[in-house]
Amino acid sequence: MISRSKRAAVFAALLLFTGSSVAAQDIVLESRDGALALEGMLLGYDGEFYRISTEYGVLTVDGQGVTCDGPGCPDLTTYVADIRISGARAMGEVLLPSLIEGYGLQEGLRPRRVIADNDTFRIDLTDPGAGRVLARFHFALSTTSDGFADLASDSADLVMAVREVRPEEVARARDAGVGDLSAPRRTRTVALDALVPVVAAASPLTSLAPDVLAAIWSGEIDDWAALELEAGPIELHEIDSDTGFAEGFADRLLEQAGQTGTVSVRHHGTAATLVDTVAPDPWALGLTRFSEIGNARPLALTAPCGRILRATTASLKSEDYPLATPLLLYTPERRLPLPAREFLSWLTTPAAERVVRRAGFVDQVPDSTTLSGQGDRLANAVLAAGEEVSLADLQEMVRQMTGTRRLSTTFRFRNGTAQLDPQSESNVDRLARDLEAGVHDGRELVLAGFSDGEGPAPANLRLAADRAEAVARALREAAPVTDWSRVTLMTAAFGEAMPLACDDTEWGRRTNRRVEVWMR
Amino acid sequence: MQVKRLTMAGSVFLVALSTGYVMQHQDALASRFGSGEKRTAMASVSGLPLPMRKTQTETAPVSPPSPGNSAHVVDLPTEPAVVSLAAPARHGQANRTQEAPFAGATIAQATCLAVASAEPGPDASILLTLSAPCQPHARVEITHGPLAFTEQTDEDGDLSIHMPALSERATFSVQFENGTVVEADTTVPAARSTQTVALQWRGDTGLELHAFEFGATYSQSGHVHARATLSPTVAGLRKGGYMTRLGREDLPGAAIADVYSYPLDLAQGGAVRISVEAEVTAANCGQEVSAETLQPLLGSGHEVVEVVLAIPTCDAIGDFLVLNNVLRDMKMAAN
């Protein structure tokens, strides 16, 4: 059958990226009292500040204090901020455009989307009162890797990333003068997402063990008969490996299981085309995103010890689902134009979270669950009790949990370190903001530390306590203006008492090592 | 910048295929619901028995400036005998403070009254009727919330349109070129459980809204677009959504809208993909065309965003521009 999508390959030659660079020309900046003057080449103007190359080096000068003279001076009244956003389609197709339009509407600006093709468009924000465009957000959709490359070559101001920046990308960006992209302030979590295995809508399969998944991806299992289904070749589908999703999958499941993906896998440019291909095909097994399951059937992960982990809004928020891949925005160290900075700070508001939900993604607003809603967890705790965790330990934990609600906010750590992962860093910021704003006034927050079950229980208990303390310190540091007479922050540790996943895999142990927030 | 195109053979084959489908499909519809009409968008609607249930219809009459009678402006009585209109006017909303004496002049003037009414139909649709006996072949702009389209009364000054409701409390405003406005409103409880998205534009842009329900591909029954439109009833029978094209494309500069409605109570879990397509024609090639997207907000209401689409250059005539991300896909939880 002829695929209509091929007909989409019609592009218009439209010059979208006019860019904001001002031709380097001589200018003289003179202070308003005329006492000081600076001569040089104008490197840039962002609506507020001049960047000028002078005999003293590159200087940034506040536009309010000076007048500009010379052929290179920008026209101050018609200045339009141009902000270039590049990177993963998973974020650029729906999420970021919705957010920019939502931000514009909220600020009383009129958004206008100018589209060249599916991957190239821009959004203009117009001030309807003054009748002029204030900002143009230019989108170039490709992959996370291309986004970082664009940032390093100064063709992007913001990078949409579905994975964390890699060391070689950090190095390249540093060489290009973009700054240290691995610093916590350079990244922010826009929405939550996760990798989800999918099969045909009509498939009887509902879950798969991660080691089976790994065996399939390594070619060890290549027929559905091995899963006690009708015999036939298993056909694998991934989003373009460069999107970062498949990489995340490999990092988390395959390599740790001693496997690498070497079999033939069909790659798709977007998650939508992947699920649309998998949904009607009984032989297909794909790896997609939670935000784009389409009409395919998502599979839960069954761990060898019998626990089932399912991607849901709740399990993404708490990161209890092991294949979480938050959607990240990276910013360079340089100063961005005012509308970009305002947009970035707007991203943390409730209005932005509503847009995230409306766009079909999982927001970061914490949910809370009562003890009675945590039956599965308690059952796991009872099942896991034995030699190392006594009945008395369990009773103590349940006593502490009674009357509390668990916040979905959960803190997890990078493999083998005490460093928080990106979603957890974002959680620290969010909880700190709420503490300072008095959202939790009159409450007691218990930071409950847990460990995996490797090693002796007393050592694990100590590790869990250390982690809870580390999170408490990070919160106190991030929320300096909190009125601590109104809210109590405590720590507790329960070691390996309440596992969420199995300890027989690295990803399972990582899921278990965590600090939860209980609130009463 | 790169310009990629397809082999023409492929496109032509596909166009032929889908046209064949549409024609067959229209025949099928026609045989089931009576003869079709010239205008595709209305064809399936006009053949259907129209719902006659009336709930809370209201009218807001205005006095059209009719030359000759201007000397004697009378407050119009709205007794049914006077307003002998075909439309189901529920009297009581108009100004009744001054009952004027019955006179020939007032009858003439009264029958010139333009009246609009709206009644809910199946699956969050609405039957909007307009009666303007003194304004035959009059061009009107109809607005319903953020939705706007251009229509024309027939030789008797009548107009009836079957259209989707965007909100539970649905108000309609009909504006004539001479500036008079009539309004109607009704309550459509089903609108609360119906998702609607729309694309609207002015003039001959070549734009079309396409919906692909739950994995449907081109020309399958779940592929819903204005050239294969289904009435709410038929859509309900096959458990899907329906596309309504509003506006008269034969009028120059007319406002046109494609509205896709999906009743959520039908929902099986899954996604309906929504795309904006435009055939590259001699009329639009190489141009930028403007349109507006209407998408639901959380809760109620629609967000309106202006979009500008660059139509490919004229050496791509016959090809289709397909844009997948202008409107969000609809994601439905299983019911």
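Are α3(A) and α4(A) roughly parallel or roughly perpendicular to each other? Keep that in mind for the second stop.

This is a predicted model, in which local features need pLDDT of at least 70, side-chain atom pairs count only at pLDDT 80 or more, and totals for chains, interfaces and linings use all residues. Residues are numbered from 1 along each chain as its sequence is written, while chains are lettered from A and ligands numbered from 1 in the order in which they are written.

**Stop 1: helix α2(A).** Select residues 95-106 of chain A. Helices here are DSSP runs of H or I, at least four residues, numbered from the N terminus. Of the 12 residues in α2(A), 10 are buried (20 or more other C-beta atoms, placed from the backbone, within 10 Å of their own). Among them are L95(A), L99(A) and Y103(A). Now step to G108(A), which follows the helix and has a positive phi, near 75 degrees.

**Stop 2: α3(A) and α4(A).** Select residues 144-152 and 167-175 of chain A. The two axes, lines fitted to C-alpha atoms over the stretch in contact, come within 8 Å and cross at roughly 20 degrees. The helices are therefore roughly parallel to each other (angles under 35 degrees, between N-to-C directions that can run from 0 to 180 degrees). Show F148(A), L151(A) and A152(A) in α3(A); they meet E169(A), R172(A) and A173(A) in α4(A). Contact means C-beta atoms, placed from the backbone, within 7 Å.

**Stop 3: chain B.** Color by burial: 41% of the 335 residues in chain B are buried.

Key: Helices (H or I, at least four residues) and strands (E, at least two) are DSSP runs, numbered from the N terminus. The expected span of a helix is 1.5 Å times one less than its number of residues. Angles under 35 degrees count as roughly parallel, over 145 as roughly antiparallel, 65 to 115 as roughly perpendicular and the rest as oblique. Two residues are in contact if their C-beta atoms, placed from the backbone, lie within 7 Å.
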